[in-house]
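User: Please take a close look at the side chains of this model and their pairings. I would like the cut-offs stated along the way.

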Amino acid sequence: MLALAQASQFANLALACLSRELPHKLDHLLIDAADVPSPRVLHPAFYGCFDWHSAVHGHWMLARLLRQFPELPEAAAIVAWFDVSLTAPNLTAEADYFANRRSFERTYGWAWLLQLARELPDPWRANLQPLTDVIVQCYLDFLPKQTYPIRAGTHANTAFGLTFALDYARDVGHRELAELIENRARTYYAADVDGPAVWEPSGDDFLSPCLCEADLMRRVLAPSRFAAWLHAFLPRLPVNLAEPAIVSDRSDGKL
């Protein structure tokens with residue numbers, strides 16, 4: 001559990017970057033030559049923090065801190081920021097962005113958006129609902145067509161993208177989404193044995209593919225079934241999974 005002083009530090013980090021438009025790593029499909037707007041025009045709610053998904057989970061962190069620490073010194077600033085950022089028009093524009101860009105932020109950003117939807121109180125959660133509905137539909141459309149999981153230790157990792165989405169689906173009682181994720185998780189991972197954990201981390205990993213998979217399957221399988229699955233998947237826990245990764249240059253996002 002965080003101490004109040006640590007929570008305050010995290011809150012200030014997020015508040016400092018959520019309104020900072022540049023520098024920004026823009027992932028934007030150009031439809032025509034005139035389609036080169038600024039990040040803030042494209043994403044009026046989630047334009048800060050270098051990229052879209054970072055802005056989303058920056059908002060999630062603030063919402064979580066606000067719930068866990070009502071006495072947080074930054075509470076008023078967080079509420080004021082949400083009132084500016086998470087407006088109905090801004091979030092409708094975010095939802096509309098996906099109309100011709102259904103693969104945008106698939107599935108890492110999708111997962112964080114649903115995590116934000118779980119954490120936000122009203123009225124901001126209600127404002128977020130159009131975008132939440134779009135993301136849910138993106139999962140429903142995409143997962144039946146994804147034949148193979150992505151096992152990279154980066155944003156596209158399928159297990160990570162399914163984990164937060166399953167938590168959301170169960171939290172709100174979205175049975176169709178929950179059953180689809182459970183089915184795909186078993187299809188992708190139930191037969192896995194001897195996970196290559198000794199190969200981790202890879203060069204620009206920030207997730208552990210093996211641990212992400214295990215974290216998903218503990219949600220999907222009954223405890224006794226999960227214990228047997230985990231023993232087959234990770235019969236030995238390599239030392240490298242218990243050691244912090246070496247970051248040789250913090251100015252390089254791939255190191």
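Analyst: Asparagine 90 counts as buried because its relative accessibility is 16%, where buried means under 20% relative accessible area, exposed means over 50%, and partly exposed is the range in between, with a 1.4 Å probe and protein chains only. The model is predicted, so local features need pLDDT of at least 70 and side-chain atom pairs count only at pLDDT 80 or more, whereas totals for chains, interfaces and linings use all residues. Residues are numbered from 1 along each chain as its sequence is written, and side-chain values use heavy atoms, with hydrogens and water left out.

Asparagine 90 belongs to helix α5, which spans residues 88-97; helices here are DSSP runs of H or I with at least four residues, numbered from the N terminus. Leaving aside residues up to four places away in sequence, asparagine 90 touches Pro44, Ala45, Val84 and Ser85, contact being heavy atoms within 4.5 Å. A polar atom of the asparagine 90 side chain also lies 3.4 Å from the backbone oxygen of valine 84. That distance can be set against the rule for a polar contact, a pair of N or O atoms within 3.5 Å in which, within protein, one must be able to donate a hydrogen and the other to accept it, residues adjacent in sequence counting only if both atoms are side-chain atoms.

Turning to charged pairs, a salt bridge is a side-chain nitrogen of Lys or Arg within 4 Å of a carboxyl oxygen of Asp or Glu, and by this rule the count comes to twelve. One of them joins the side chains of arginine 67 and glutamate 119, at 2.5 Å from N to O. Because arginine 67 sits in helix α3 (residues 52-68) and glutamate 119 in helix α6 (residues 108-119), this pair ties together parts that are 52 residues apart in sequence. Glutamate 119 is buried, its relative accessible area being 10%.

Arginine 151 takes part in a salt bridge with aspartate 192, at 3.0 Å from N to O. This pair links distant parts of the chain, with arginine 151 in the loop between α7 (124-142) and α8 (158-172) and aspartate 192 in the loop between α9 (175-189) and α10 (209-220), 41 residues apart. Arginine 151 also meets the side chain of glutamate 213 in a salt bridge, at 3.3 Å from N to O. Since glutamate 213 lies in helix α10 and arginine 151 in the loop between α7 and α8, that pair ties together parts that are 62 residues apart in sequence. Arginine 151 counts as partly exposed at 41% relative accessibility, while aspartate 192 is buried at 16% and glutamate 213 is buried at 4%. Asp167, Asp215, Arg218 and Arg219 are also linked in a network of salt bridges.

Among the cysteines, a disulfide is a pair of sulfur atoms within 2.5 Å, and the count comes to one. Cysteine 17 and cysteine 49 form this disulfide, with their sulfur atoms 2.2 Å apart, and the link is right-handed, with 55 degrees about the S-S bond. Cysteine 17 lies in helix α1 (residues 4-18) and cysteine 49 in the loop between α2 (39-42) and α3, so the pair ties together parts that are 32 residues apart in sequence. Both cysteine 17 and cysteine 49 are buried. Cysteine 212 is also buried, at 11% relative accessibility, but its sulfur is 9.5 Å from the closest cysteine sulfur, in cysteine 210, which is too far for a bond.

Note on methods:
Helices (H or I, at least four residues) and strands (E, at least two) are DSSP runs, numbered from the N terminus.
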